Amino acid sequence: MLPLTLLNTSQGHPMLVELKSGETLNGHLVNCDAWMNLTLKEVVQTNADGTRFFRLPECYVRGNNIKYLRVPDEVLDIAREKNQQQREEQRKSNQPQRGGYNRQYTSGGQRGGYNRNRGGGNVGRGGGHIQRGGRGGQY
Amino acid sequence: MENTDPALLPSIIFTTAAQLVDCVDKKLLVVLRDGRKLIGILRSFDQYANLVLQDTVERIIVQSMYSDIQRGVYIVRGENVVLVGEIEPEKEESIPLKEVSLDEIYAARQDEIDHRRQRELTKNSKLMDIGFSIDTQQDDMY
């Protein structure tokens with residue numbers, strides 16, 4: 001299970017964030033995103049020396065400032081259970097499709113999303129050889 | 001064009017993140033840019049080398065002494081990692097360092113920092129006397 005996935009499952013749990021500056025923020029994770037940006041609530045901010053403390057009801061951390069995060073041990077166990085549950089559900093929903101092949105791969109072409117709708121213009125229009133994904137299009 | 005055919009290129013070239021796969025569920029030493037040493041079991045990683053470590057211990061090492069602090073689960077942001085090394089269980093039994101208490105190690109570390117700062121100051125002033133300009137700044141502590 002990916003590190004950012006673990007971060008997502010720890011929403012609602014308390015955690016410690018150490019920034020590159022050495023400051024630490026102790027609080028509950030409200031939300032996070034793919035860039036590791038975080039919103040925390042009920043935060044205690046400590047300076048790098050450990051000599052000053054601030055209380056912040058809410059705070060936003062831009063992901064690139066983070067050195068590391070420490071989460072409670074239970075969070076890892078909870079995340080694993082969720083992972084297992086998800087896998088079992090996937091297994092169950094995949095079974096009826098086993099007869100027909102590749103039905104789940106039709107959306108694969110859009111995953112990279114290179115030039116899908118960019119540059120409006122001529123992508124995907126006219127010109128017989130340009131596919132809908134328009135991958136060849138706009139480089 | 002034949003030598004750029006992906007099927008012919010050795011797969012070593014594409015495996016920066018893939019190599020950590022061999023380290024999963026192993027006890028690792030992770031050195032961070034601020035000089036910290038974390039010892040924990042790698043549970044997962046991603047393409048940025050963000051790491052998830054479990055049962056982690058922060059080991060403070062000063063000269064030939066060390067002290068451990070239990071820390072739990074870490075999510076380490078990849079850009080802060082200097083290196084990662086596998087810890088062999090047999091070698092863990094015969095560490096050539098002496099384990100001391102936390103208070104002792106903090107005192108020793110502070111001593112070391114003070115001495116180092118003093119050395120830097122005298123070195124820099126002597127260099128300036130000779131005509132060097134001191135423009136170095138310690139960026140990373142490892």
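**Exercise 1. In this predicted model, find the residue of chain A whose side chain makes a polar contact with the side chain of B:Arg36, and work out where B:Arg36 lies.**

Step 1. Start at the side chain of B:Arg36 and look across to chain A. The partner is A:Tyr68, and the polar contact between the two side chains spans 3.5 Å.

Step 2. Now place B:Arg36 in its own chain. This arginine sits in the loop that links β1 (27-32) to β2 (37-45) of chain B.

Step 3. Widen the view to the surroundings. Setting aside residues up to four places away in sequence, B:Arg36 touches A:Glu18, A:Lys67 and A:Tyr68 in chain A, along with B:Val30, B:Val31 and B:Glu58 in chain B.

**Exercise 2. Which parts of chain B does the salt bridge between B:Arg36 and B:Glu58 tie together?**

Step 1. Check the distance first. The closest N and O atoms of B:Arg36 and B:Glu58 are 3.8 Å apart, and the cut-off for a salt bridge is 4 Å.

Step 2. Locate both ends. B:Arg36 is in the loop between β1 and β2, while B:Glu58 belongs to strand β3 (residues 51-62), so the pair ties together parts of chain B that are 22 residues apart in sequence.

Step 3. Look at the accessibility of the two residues. B:Arg36 and B:Glu58 are both buried.

**Exercise 3. For the salt bridges B:Asp68 with B:Arg59 and B:Glu79 with B:Arg77, decide how accessible each partner is.**

Step 1. Take B:Asp68 and B:Arg59, whose closest N and O atoms lie 2.7 Å apart. B:Asp68 has a relative accessible area of 26%, so this aspartate is partly exposed. B:Arg59 has 13%, which means that this arginine is buried.

Step 2. Move on to B:Glu79 and B:Arg77, with 2.5 Å between their closest N and O atoms. At 32% relative accessible area, B:Glu79 is partly exposed, and B:Arg77, at 16%, counts as buried.

Step 3. Over all chains, the count comes to 16 salt bridges.

**Exercise 4. Describe the contact between chain A and chain B: how many residues does each chain give, and how much area is buried?**

Step 1. Count the residues on each side. Chain A brings 22 residues to the contact and chain B brings 20 residues.

Step 2. Turn to the area. About 1,900 Å² is buried between the chains, and carbon and sulfur atoms give 56% of it.

Step 3. Three salt bridges are counted between chain A and chain B. A:Lys20 forms a salt bridge with B:Glu79, with 2.9 Å between the closest N and O atoms. There are also 12 residue pairs in polar contact across the interface.

Step 4. Ask which elements of chain A take part. α1, β5 and α2 of chain A each give two or more residues to the side that touches chain B. The largest share, six residues, comes from β5(A). By type, the residues on this side of chain A are 14 nonpolar, two polar and six charged.

**Exercise 5. Which residues touch the most other members of the largest nonpolar core?**

Step 1. Pick out the residues. Within this core of 24 residues, A:Leu7, A:Val17, A:Leu38, A:Leu40 and A:Leu69 touch the most other members.

Step 2. See which elements build the core. At least two residues come from each of α1 (3-9), β1 (14-19), β2 (24-32), β3 (38-46), β4 (53-61), β5 (66-71) and α2 (73-94) of chain A, and from β4 (65-76) of chain B.

Step 3. Beyond its neighbours within four places in sequence, A:Leu69 contacts residues of both chains, including A:Leu7, A:Val17, A:Leu38, B:Val73 and B:Ile75. Apart from this core lies another, of 14 residues, among them A:Leu16, B:Cys23, B:Phe45 and B:Leu51.

Methods
Residues are numbered from 1 along each chain as its sequence is written. Chains are lettered from A and ligands numbered from 1 in the order in which they are written. This is a predicted model: local features need pLDDT of at least 70, side-chain atom pairs count only at pLDDT 80 or more; totals for chains, interfaces and linings use all residues. Side-chain values use heavy atoms; hydrogens and water are left out. Helices (H or I, at least four residues) and strands (E, at least two) are DSSP runs, numbered from the N terminus. A polar contact is a pair of N or O atoms within 3.5 Å; within protein, one must be able to donate a hydrogen and the other to accept it, and residues adjacent in sequence count only if both atoms are side-chain atoms. Contact means heavy atoms within 4.5 Å. A nonpolar core is a set of buried Ala, Val, Leu, Ile, Met, Phe, Trp, Tyr and Cys residues joined through side-chain atoms within 4.5 Å. Buried means under 20% relative accessible area, exposed over 50%, partly exposed in between (1.4 Å probe, protein chains only). Buried area is the accessible area (1.4 Å probe) that two parts lose on being put together, summed over both. A salt bridge is a side-chain nitrogen of Lys or Arg within 4 Å of a carboxyl oxygen of Asp or Glu. Ala, Val, Leu, Ile, Met, Phe, Trp, Tyr, Cys and Pro count as nonpolar, Asp, Glu, Lys and Arg as charged, and the others, Gly among them, as polar.
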